[in-house]
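Subject: Structure handover

Hello,

Here is the structure I promised to pass on. Please open it and keep it in view while you read the rest of this message.

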Amino acid sequence: MFFEFGLKDIIDIFLVALMLYYIYRLMRESRSLNIFMGILIFVIVWLFVSQILEMRLLGTILDKLVSVGVIALIIIFQEDIRKFLYNLGGHQRMRAIVHFFSPQRGHRQNEKELKRMVMPIVMAAMSMSKGKVGALIVMERSTPLDDIVMTGEVVNADINQRLIENIFFKNSPLHDGAMIISNQHIKAAGCILPVSHDLNISKDLGLRHRAALGISQESDALAIVVSEETGGISVAVRGEFKLRLSGEELESFLMKELG
């Protein structure tokens, strides 16, 4: 049997080890490491009983538990699995492949058009920052946000600094929700975003920041936050924050990410 061990077996073992490593990392980040270790021990016992000791009755019982347990695990860890699959699909190389096969791959915004869209947002963010007016602006990219738009009021207006500031004015009925910008237009305002339950978020960051992080974890959108307490400008992208940005830094970041 030893001499039958070939290249295919090495690749098989490597892929299984790689899969276990990524599952381990996923569980560690979601603080479910003890559950992962328990599952691993159960699988080892199951293989030992059914494959080595060949206990038919106990092996059959464990087989049934495994088949039901897989469905239970998918239900329990659906958010973690969704995050893992999104990160896999959002990997830089995967995005490059999708972009290559996209029918619009030849279309890129030129710098002048992009700056015309970005500057009103940057100026509005700086103005609201000075006045400590809370704001949450989500910029849609390749992932559609139609389900988020449905939770707010459709605007369908050109991007305008004064309009953005008026929407987030403290007495405005839409100031508590998120603004969605899509295809160089303000698509909707007063929208409800999924809130991140990441325990690593600083306690100094409020609900707007958690909502911004949540939408950046579930899509490739950019979420700009202006803090009502400090006036600080932040951007959430790919599940991470860029905190305490100046106007110039915000402009440079948006130009880079959207270009």
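The model is predicted. Its mean pLDDT, the predictor's confidence, is 81, and 82% of the residues reach 70 or more. Confidence is highest in strand β1, at 96, and lowest in helix α5 (residues 92-101), at a mean of 49. Over residues 100-108, pLDDT stays under 50; for this stretch the model has three contacts beyond four places in sequence.

Next, the sheet. Seven strands form an open sheet in the order β2-β4-β3-β1-β5-β6-β7, and the pairing is mixed. The edges are taken by β2 (153-158) and β7 (240-242). Each of these two has a single partner strand, so one of its sides has no neighbour in the sheet. On average, neighbouring strands are turned by 25° against each other, direction ignored. As background, strands of a sheet pair through backbone hydrogen bonds, and the pairing is either parallel or antiparallel.

Strands β3 (residues 178-182) and β4 (residues 185-191) pair in the antiparallel sense over four bridges. Among the bridge partners, S182 goes with H185 in β4, and I181 goes with I186 in β4. The hairpin of β3 and β4 has two residues between the strands, and in it N183 takes a positive phi near 50°. Strand β4 is also joined to β2, again by four bridges, and these two strands run antiparallel. There, D158 stands opposite H185 in β4.

Which strands does helix α10 (residues 247-258) lie across? They are β1 (135-139), β5 (222-226), β6 (233-237) and β7. The helix runs at about 165° to β5. Its length can be checked: at 1.5 Å a residue, the twelve residues of α10 should span 16 Å, and the C-alpha atoms at its ends are 16 Å apart, which agrees.

The buried residues of α10 are G247, L250, E251, F253, L254, M255, E257 and L258. What covers them includes helix α6 (111-131) as well as the strands β1, β5, β6 and β7.

Regards

Terms used
Residues are numbered from 1 along each chain as its sequence is written. This is a predicted model: local features need pLDDT of at least 70, side-chain atom pairs count only at pLDDT 80 or more; totals for chains, interfaces and linings use all residues. Side-chain values use heavy atoms; hydrogens and water are left out. Two strands pair if DSSP finds at least two bridges between them. Axes are lines fitted to C-alpha atoms, for helices over the stretch in contact, and angles run from 0 to 180 degrees between N-to-C directions. Contact means heavy atoms within 4.5 Å. The expected span of a helix is 1.5 Å times one less than its number of residues. Buried means under 20% relative accessible area, exposed over 50%, partly exposed in between (1.4 Å probe, protein chains only). pLDDT is the predictor's confidence in each residue, from 0 to 100.
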